[in-house]
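The sequence and the model are shown first.

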Amino acid sequence: MTNIARFFHRHGIDVHSILYIRHSNGLSHISMVNGTVIDTYIATKDLLTGLPSESFLNINKGIVINLQYVSSIDKNVYHMVNG
């Protein structure tokens with residue numbers, strides 16, 4: 001099991017329940033479907049290595065989205081199901 005997989009397991013994170021990951025102020029903020037946000041010092045690019053590449057897209061530096069929860073894309077603006 002990788003370090004990232006252990007992190008997800010330890011925090012009870014089901015990768016399919018991640019809406020998006022945003023990096024700011026030195027922290028990666030993992031936003032979940034249920035509204036929970038888990039903060040970690042693990043770099044976003046490192047978290048991305050533990051996520052299925054067919055479901056998650058790094059749309060710009062510091063933002064990773066789960067394509068399952070994208071409701072529409074309009075001129076490079078991604079609209080998520082949670083607004």
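How many helices and strands make up the secondary structure of the protein? There are two helices and seven strands, where helices (H or I, at least four residues) and strands (E, at least two) are DSSP runs numbered from the N terminus. In sequence order, these elements follow the pattern α-β-β-β-α-β-β-β-β.

The model is predicted: local features need pLDDT of at least 70 and side-chain atom pairs count only at pLDDT 80 or more, while totals for chains, interfaces and linings use all residues. Residues are numbered from 1 along each chain as its sequence is written, and side-chain values use heavy atoms, with hydrogens and water left out.

**Overall dimensions and surface**

The radius of gyration, taken over C-alpha atoms, is compared with a globule rule of 2.2 Å times the number of residues to the power 0.38. For 83 residues a compact globule would have a value near 12 Å, and the protein agrees, with 12 Å.

| Property | Value |
|---|---|
| Span of the C-alpha trace along the principal axes | about 35 × 25 × 25 Å |
| Distance between the mean positions of the 6 positive and 5 negative charges | 8 Å |

Lys and Arg count as positive and Asp and Glu as negative, without His and the chain ends; the charges are placed at NZ of Lys, CZ of Arg, CG of Asp or CD of Glu.

**Nonpolar cores**

Of the 83 residues, 35% count as buried (under 20% relative accessible area; exposed is over 50%, partly exposed in between; 1.4 Å probe, protein chains only). A nonpolar core is a set of buried Ala, Val, Leu, Ile, Met, Phe, Trp, Tyr and Cys residues joined through side-chain atoms within 4.5 Å. In the largest core, of 14 residues, Phe-8, Ile-13, Ile-18, Ile-30 and Leu-51 touch the most other members. Helix H1 (3-10), strand E1 (18-24) and strand E2 (27-32) each supply at least two residues of this core, and H1 gives the largest share, three residues. Another core lies apart from it, with five residues that include Leu-19, Ile-65, Val-70 and Met-80.

**The E1–E2 loop**

Asn-25 lies in the loop between E1 and E2. This residue, which is not glycine, has a positive phi, near 50°. Asn-25 is exposed, with a relative accessible area of 77%.
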